[in-house]
Amino acid sequence: MSEEKQALASALIEGMPDALVVSDRDGIIRFWNEGAERIFDFAASEAIGQSLDIITPERLRARHWEGYEQTMKTGRTRYGAGDLLSVPATRKDGVQISVQFSIMPIFDNDGQIKMIAAIMRDVTGEFEERKALRNALRAVKN
């Protein structure tokens, strides 16, 4: 890759408004961009080297790790082809937010998943709006 393309790729990855979080086979965060800092309020220096548990609500961790381990074993995921998953997440201050994300497995030379990159967007406002609309519709029907 040329120096110009490398500089562009770095600028896009670091400066994108969405969170880009890359974790290894054990779910340890290895990359955390500025978007992740903004959304989750952890500095990269605080997040890198930590478990994904820092952004996974405690009540959902067992289910999260079950799916994560299955993806690592099989190399397959339902969310790797641009499909979005909507889930709760936790910010540094403990406040729960809603995020949508897709993932991209990163393979080693032997074809095994080495890492998983997740691109996440905070959709808390949209989620709350939809919830309010559903509640208003229910109230009108009753």
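Which residues does Asp-18 touch, not counting residues up to four places away in sequence? In this predicted model, the contacts of Asp-18 are with Asn-33, Gly-35, Ala-36, Arg-38, Ile-39, Ile-119, Met-120 and Arg-121. Asp-18 lies in the loop that connects α1 (3–15) to β1. Its relative accessibility is 13%, so Asp-18 counts as buried, the limit being under 20%.

Five helices and five strands make up the secondary structure of the protein chain, and their order along the sequence is α-β-β-α-α-α-β-β-β-α. Along the principal axes, the C-alpha atoms occupy a box of roughly 60 × 35 × 30 Å. The protein chain has 142 residues, of which 32% are classed as buried. Among contacts with a separation of 6 or more, 40% involve residues 24 or more positions apart. The accessible surface amounts to about 9200 Å², and carbon and sulfur atoms contribute 52% of this surface.

Trp-65, Tyr-68, Thr-71 and Met-72 are the buried residues of α4. Because these residues cover an arc of only 125 degrees around the axis, they lie on the same side of α4. Such an arrangement can be read against helix geometry. An α-helix has 3.6 residues a turn, so residues three or four places apart point the same way. The face of α4 turned away from the buried side bears the exposed residues Ala-62, Arg-63, Glu-66 and Lys-73. The cover over the buried residues of α4 includes the strands β1 (19–24) and β5 (113–122).

Thr-71 illustrates the buried side of this helix. Located in α4, Thr-71 has a relative accessibility of 9% and therefore counts as buried. Its contacts, when residues up to four places away in sequence are not counted, are Arg-76, Thr-77, Ile-113 and Ile-116. Just after the helix, Gly-75 adopts a positive phi of about 80 degrees.

Charged side chains were considered next. The structure contains five salt bridges. One of them pairs Arg-30 with Asp-24, with 2.9 Å between the closest N and O atoms. The two partners of this pair fall into separate accessibility classes: Asp-24 is buried, with a relative accessible area of 12%, whereas Arg-30 is partly exposed at 42% relative accessibility.

A further salt bridge links Asp-53 and Arg-61, with an N to O distance of 3.8 Å. Asp-53 is partly exposed, its relative accessible area being 24%, and Arg-61 is likewise partly exposed, with a relative accessible area of 26%.

Note on methods:
Residues are numbered from 1 along each chain as its sequence is written. This is a predicted model: local features need pLDDT of at least 70, side-chain atom pairs count only at pLDDT 80 or more; totals for chains, interfaces and linings use all residues. Side-chain values use heavy atoms; hydrogens and water are left out. Buried means under 20% relative accessible area, exposed over 50%, partly exposed in between (1.4 Å probe, protein chains only). Helices (H or I, at least four residues) and strands (E, at least two) are DSSP runs, numbered from the N terminus. The arc is that of the directions from the helix axis to the C-beta atoms. Contact means heavy atoms within 4.5 Å. A salt bridge is a side-chain nitrogen of Lys or Arg within 4 Å of a carboxyl oxygen of Asp or Glu. Accessible areas come from the Shrake-Rupley method with a 1.4 Å probe; for residues, only the protein chains shown count as cover.
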